[in-house]
Amino acid sequence: MQYRRMPKNGDRLSILGFGCMRLPSKDGKIDEASAIRQIRGAVDQGVNYLDTAWPYHAGESEPLLGKALRDGYRSRIKLATKLPTWMIKSRADMDRFLAAQLKKLETDRIDYYLLHALDGASWDAVERLGVLDFLAQAQRDGRIVNAGFSFHGLAGDFRRIVDAGPWVFCQIQYNYLDQAYQAGTAGLEYAAARGLGVIVMEPLRGGNLGLAKPPPAVEALWSEARVRRTPAEWALRWVWNRPEVTVVLSGMNDDAHIRENLALADTAQAGALTPDELALADRAGQTYRALMKVGCTGCGYCMPCPAHVTIPICFEEYNRLHLFGDVEAGKFRYALRMSGELVDGRPGFASQCVRCGACAAKCPQQIPIPDALAQIAAELEDADLPRRLARARQIFKAEA
Ligand code: SF4
Ligand code: SF4
């Protein structure tokens with residue numbers, strides 16, 4: 001295992017972090033014995049950064065991790081979890097959730113505590129409710145050690161949040177397909193230039209970039225490379241190639257994948273890929289983008305919409321579904337994200353478009369936005385939408 005330093009505090013963190021959002025499951029529940037074995041096995045192999053969050057596995061990831069860290073494992077690792085910002089309605093809620101998390105995780109401190117899934121609106125909301133005071137107080141009394149945030153919004157909001165808080169670190173979605181999406185490469189460089197450590201999530205885009213059988217056009221590209229690598233190896237090495245990246249999180253649940261990731265983390269180094277290899281990864285990213293149904297880059301220039309359609313996220317979820325083909329998972333993600341439950345409770349479904357035309361003229365990609373939204377509404381808002389919404393609420397609205 002190789003380690004990189006967290007710039008502001010000097011912590012020596014394993015370049016591979018264990019993400020506890022996709023633990024092995026049986027009959028719809030975490031397979032506890034397997035999950036604990038895998039987590040402890042990874043720690044024994046040198047992983048020392050473990051990441052969980054309030055809603056993972058419908059609230060069961062944190063207690064599982066608490067159990068996995070018994071028998072001396074807690075003192076060997078840095079523990080990260082996250083404040084579910086969409087659940088916060090008052091300053092007191094913040095203390096309440098943190099207290100519940102400490103109990104679930106069987107610990108007296110969180111080493112790396114993140115505000116979960118921020119975008120511009122959710123940051124503004126928790127900032128108004130006093131989250132900076134909360135973080136300062138929790139650091140003073142030792143309940144948390146380092147403050148950070150995870151991000152799923154527009155690039156401009158990322159910079160604004162980086163500049164506004166006492167952050168030691170941030171967590172961003174980053175992979176060769178998303179170089180110009182959300183925080184992207186520009187955000188990675190911006191955060192690093194301000195001394196923040198960067199934890200990378202979604203290095204395989206929810207596992208999709210690691211599929212053994214990628215689309216034929218992508219497979220043909222990888223076969224051009226002088227060094228043969230699996231798609232997962234390409235994706236992970238591409239992220240570790242950036243020196244600004246501190247830890248890459250992988251949501252692991254398969255013994256063979258864990259072994260592969262651990263082996264890669266022994267050797268993957270910053271700056272190791274050749275210009276030809278980086279160009280190949282760029283072309284793979286472009287090929288994926290060309291396969292997308294809507295050529296949206298997520299720039300956000302079309303926003304805000306007077307009917308409150310969250311246009312870029314509609315397109316992101318639509319593209320994800322068509323690129324990777326898991327229709328039910330795609331429809332669930334669409335229902336969850338458009339419901340507004342993770343932000344301000346205001347829905348942003350494609351079907352809310354009233355065709356006012358305000359957006360299309362602002363789109364640099366010249367996407368016929370209202371027509372594309374109508375297509376998305378027809379495909380993704382079927383009769384099962386209420387059932388998916390109910391399930392999303394059940395998972396993400398569990399009270400402290
Ligand atoms: S055309 Fe539809 S999506 Fe575009 S701004 Fe108007 S209501 Fe919003
Ligand atoms: S302006 Fe166009 S490319 Fe940018 S987010 Fe809106 S639809 Fe996507």
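These legends describe close-up views of a predicted model.

**View 1. Helix α3 packs against helix α5.**
Helix α3 covers residues 91-104, and helix α5 covers residues 131-140. Two packed helices are described by the angle between their axes and the distance between the axes. For α3 and α5, the angle is about 40° and the axes are 9 Å apart. That angle makes α3 oblique to α5. The crossing of α3 past α5 is right-handed. On the α3 side, the contact is made by R91, M94, D95 and L98. On the α5 side, V131, D133, F134, Q137 and A138 take part. Sorted by class, this contact of α3 with α5 has five nonpolar, one polar and three charged residues.

**View 2. Helix α6 packs against helix α7.**
Helix α6 runs over residues 155-164, and helix α7 over residues 184-193. Their axes lie 10 Å apart, at an angle of about 15°. Angles under 35 degrees count as roughly parallel, so α6 and α7 are roughly parallel to each other. The crossing of α6 past α7 is right-handed. From α6, look for F158, R159, V162 and D163. They meet A186, G187, Y190 and A191 of α7. By class, the contact of α6 with α7 has five nonpolar, one polar and two charged residues.

**View 3. Residues surround ligand 1.**
Ligand 1 has 13 residues around it. The closest are C305, C353, C356, G357 and C359. By class, the shell around ligand 1 has 11 nonpolar, one polar and one charged residues.

**View 4. Residues surround ligand 2.**
Ligand 2 is surrounded by 13 residues. Here the closest are C296, C299, G300, C302 and C363. The shell around ligand 2 has nine nonpolar and four polar residues. It has no charged residues.

**View 5. H116 sits in strand β8.**
Strand β8 spans residues 110-118, and H116 is part of it. Is H116 buried or exposed? Its relative accessibility is 10%. Buried means under 20%, so H116 counts as buried. Which residues is H116 in contact with, leaving aside its neighbours within four places in sequence? They are A53, P55, Y56, K82, L83, P84, T85, W86 and S150.

Note on methods. Residues are numbered from 1 along each chain as its sequence is written. Chains are lettered from A and ligands numbered from 1 in the order in which they are written. This is a predicted model: local features need pLDDT of at least 70, side-chain atom pairs count only at pLDDT 80 or more; totals for chains, interfaces and linings use all residues. Side-chain values use heavy atoms; hydrogens and water are left out. Axes are lines fitted to C-alpha atoms, for helices over the stretch in contact, and angles run from 0 to 180 degrees between N-to-C directions. Helices (H or I, at least four residues) and strands (E, at least two) are DSSP runs, numbered from the N terminus. Angles under 35 degrees count as roughly parallel, over 145 as roughly antiparallel, 65 to 115 as roughly perpendicular and the rest as oblique. A crossing is left-handed if the near helix is turned anticlockwise from the far one by less than a right angle, and right-handed if clockwise. Contact means heavy atoms within 4.5 Å. Ala, Val, Leu, Ile, Met, Phe, Trp, Tyr, Cys and Pro count as nonpolar, Asp, Glu, Lys and Arg as charged, and the others, Gly among them, as polar. A residue is near a molecule or strand if one of its heavy atoms lies within 4 Å of it. Buried means under 20% relative accessible area, exposed over 50%, partly exposed in between (1.4 Å probe, protein chains only).
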